[in-house]
Amino acid sequence: MKTKKKALLTVLCAAALVFGSVFGTYAYLTDTKSVENTFTVGNVTITLDEQDVDNSTTGKDRDTANEYHLLPGKSYVKDPTIHVDAKSEGCWLFVKVENGIAGIEDSNNTIASQMSTNGWTLVSGQTNIYAYRSIANANDNIVVFNGFKVKGDANEAALTAVKDATIKVTAYAIQAEGFTTAADAWTGASSAFTA
Amino acid sequence: MKKKIAAVAVILSLVSIAAMGTMAYFTDSAVAHNVITSGNIDIKVVEQQRKADGSLVDYPVDEKGNPVAISAMPGQTVSKIVTVKNNDEPAYIRAKFEVVAYKLVDKEQSPIDIEGGVITIDTNEAWAKGTDGWYYYSDPVEKGGVTAPLFSEVQFSGPNMGNEYQGATVEINISAEAVQAANAPSKNDNPVTSAIDVDPAIWPTQHEE
């Protein structure tokens with residue numbers, strides 16, 4: 001009937017309008033989204049110092065070197081201490097101790113025995129590198145040893161032999177993350193330290 | 001006698017005029033209202049993490065909607081499961097990520113050149129890597145659908161990530177784009193079955209360039 005014909009005509013017109021708009025421009029419906037991920041990498045930072053015994057550094061109680069005039073039977077203060085930085089991550093600590101006066105040390109309370117008491121153990125396969133017993137954390141102060149004593153019967157020849165000798169302490173720190181033991185840390189990361 | 005004829009004649013005339021007075025046909029009218037609504041394309045990048053107990057949780061986000069910063073150390077693998085969710089009309093999806101590292105020196109960013117092997121991100125094979133650096137998802141994604149993860153974890157190398165990264169910041173910035181699946185044009189004569197088949201000119205980034 002006439003009403004139906006009109007309706008059909010209207011629908012056809014609407015369909016034509018839709019097609020016209022789709023092909024009118026070269027643009028499609030799209031969307032864009034983005035997110036930013038931030039990772040902050042930690043750090044491992046230590047310092048090493050000892051009491052300024054010879055007052056070589058003015059205004060400070062701690063220093064990185066001291067000079068000693070050795071006398072038989074005398075005890076000297078030398079307390080190399082590792083300080084873990086306030087913002088540092090937990091770390092395994094190691095020290096290399098090159099003791100140039102071991103030959104004239106009093107057998108009681110040697111540097112080596114003090115280190116053992118303080119929690120330092122020789123790293124397997126090493127002769128002078130020691131590992132600290134546990135992970136050190138931020139703000140920790142770990143003492144290596146406290147002092148040394150010249151044996152009472154050290155003669156002039158023995159003392160002359162150690163003239164200009166040094167006790168050199170080098171400290172190392174390796175991140176604790178990823179290493180269950182100090183030995184693992186040394187095996188895994190010590191190659192980063194130059195000899 | 002004459003009067004009657006006259007009356008008849010007039011009546012006849014009147015009738016004739018009335019019959020031919022107007023030229024109208026039967027008509028009718030109808031109005032049809034067609035409401036045409038355009039669809040909408042809406043996607044979202046979703047990030048989750050796998051906890052130690054195996055549960056899957058959403059990454060906490062900051063006020064900008066970005067995941068909150070997390071700490072990382074060399075040798076660490078961070079769980080980060082990145083997917084794209086389609087909230088509206090079926091769409092083809094592509095995504096890409098950019099890794100940058102820098103240190104803040106006097107509040108200025110001092111870039112770190114990331115060498116190979118420092119940060120490793122393995123992408124899921126459902127995302128085909130295009131020559132343009134974008135990863136194209138294998139199938140169109142229906143409304144409410146979620147893609148397979150673009151990647152699931154970020155590995156920070158122990159041996160390769162040295163002290164130059166101490167205190168550094170690493171950013172992984174992820175972008176995702178979607179185009180309508182309906183009538184999406186192909187880049188060649190073959191039909192579109194995957195996002196990588198879509199005419200490159202259609203993606204939003206192309207238009208900005």
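This is a predicted model: local features need pLDDT of at least 70, side-chain atom pairs count only at pLDDT 80 or more; totals for chains, interfaces and linings use all residues.
**Confidence**
I started with chain A, where the mean pLDDT is 88 and 86% of the residues reach 70 or more.

**Where the chains meet**
Next I checked the interface and found 46 residues of chain B in contact with 30 residues of chain A. On the chain B side, the elements giving two or more residues are β1 (43–50), β3 (70–72) and β11 (169–180). The largest share, 12 residues, comes from β11(B). I also sorted this side by class, which gave 23 nonpolar, 15 polar and eight charged residues.

I was curious about strand pairing here. Strand β1 of chain A, residues 30–41, pairs with β3(B) in the parallel sense over three bridges. In β3(B), I70(B) stands opposite F39(A).

**Cores**
Which residues have the most contacts inside the largest nonpolar core? I noted A91(B), Y92(B), I93(B), A95(B), V170(B) and V179(B), in a core of 43 residues. Elements from both chains give two or more residues to this core: β1 of chain A, and β4, β5, β9, β10 and β11 of chain B.

I followed up on A91(B): beyond four places in sequence, its contacts include I41(B), I43(B), P140(B), V141(B) and V179(B). Last, I found a second, separate core of 33 residues, with Y130(A), Y132(A), I142(A) and V144(A) among them.

Key: Residues are numbered from 1 along each chain as its sequence is written. Chains are lettered from A and ligands numbered from 1 in the order in which they are written. pLDDT is the predictor's confidence in each residue, from 0 to 100. Two residues are in contact if their C-beta atoms, placed from the backbone, lie within 7 Å. Helices (H or I, at least four residues) and strands (E, at least two) are DSSP runs, numbered from the N terminus. Ala, Val, Leu, Ile, Met, Phe, Trp, Tyr, Cys and Pro count as nonpolar, Asp, Glu, Lys and Arg as charged, and the others, Gly among them, as polar. Two strands pair if DSSP finds at least two bridges between them. A nonpolar core is a set of buried Ala, Val, Leu, Ile, Met, Phe, Trp, Tyr and Cys residues joined through C-beta atoms within 7 Å. A residue is buried if 20 or more other C-beta atoms lie within 10 Å of its own, exposed if 12 or fewer, and partly exposed in between; C-beta atoms are placed from the backbone.
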